[in-house]
Amino acid sequence: MERPEMSRFTLRLSQELLDKLGYIAEYNDRTKNKELERMIRGRVNAFEKKNGPIELEKKD
């Protein structure tokens, strides 16, 4: 099974917030990256449940 290409994104946040994210990630036995991905996916799912699916144009 081929993995989809992952995009990179730079995020700026305070050291305190980064440390708290690290705490949550470690608590859940995840990396900070995977924890953020899970949080974002949850927020997108909640948005789509309330507002309907987000339709994106396919890029060639």
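Q: How many salt bridges does the structure hold?
A: The structure, which is a predicted model, holds four salt bridges.

Q: Which residue meets lysine 20 in a salt bridge?
A: The side chain of lysine 20 meets that of glutamate 16, at 3.3 Å from N to O. Both residues lie in helix H1, four residues apart, which is about one turn of the helix.

Q: Which residues are linked in a network of salt bridges?
A: The network links Lys34, Glu37 and Arg41. Glutamate 37 forms a salt bridge with lysine 34, where the closest N and O atoms are 3.4 Å apart. Glutamate 37 also forms one with arginine 41, and there the closest N and O atoms are 2.8 Å apart.

Q: How accessible is glutamate 37?
A: Glutamate 37 is partly exposed, at 24% relative accessibility. Lysine 34 is partly exposed at 43%, and arginine 41 is partly exposed at 48%.

Q: Changing topic: which residues of H1 are buried?
A: They are Leu21, Gly22 and Ala25. Seen down the axis of H1, these buried residues fall within an arc of 105°, so they line one face of the helix.

Q: What do they pack against?
A: The buried residues of H1 pack against helix H2, residues 32-51.

Q: What is on the other side of H1?
A: Glu16, Tyr23 and Tyr27 are exposed there.

Q: What span should H1 have?
A: H1 has 13 residues (15-27), and at 1.5 Å a residue it should span 18 Å. Its end C-alpha atoms are 18 Å apart, which agrees.

Q: What follows H1?
A: Aspartate 29 follows H1, and its phi is positive, near 55°. The loop between H1 and H2 also contains arginine 30.

Q: What does arginine 30 contact, neighbours within four places in sequence aside?
A: Arginine 30 is then in contact with Ala25, Glu35 and Arg38. Arginine 30 is partly exposed, with a relative accessible area of 26%.

Note on methods
Residues numbered from 1 in each chain as written. Predicted model: local features only at pLDDT ≥ 70, side-chain atom pairs only at ≥ 80, totals over all residues. Heavy atoms only, no water. Helix = DSSP H or I, 4+ residues; strand = E, 2+ residues; numbered from the N terminus. Expected span 1.5 Å × (residues − 1). Buried < 20%, exposed > 50% of the residue type's maximum accessible area, 1.4 Å probe, protein only. Arc of directions from axis to C-beta. Contact = heavy atoms within 4.5 Å.
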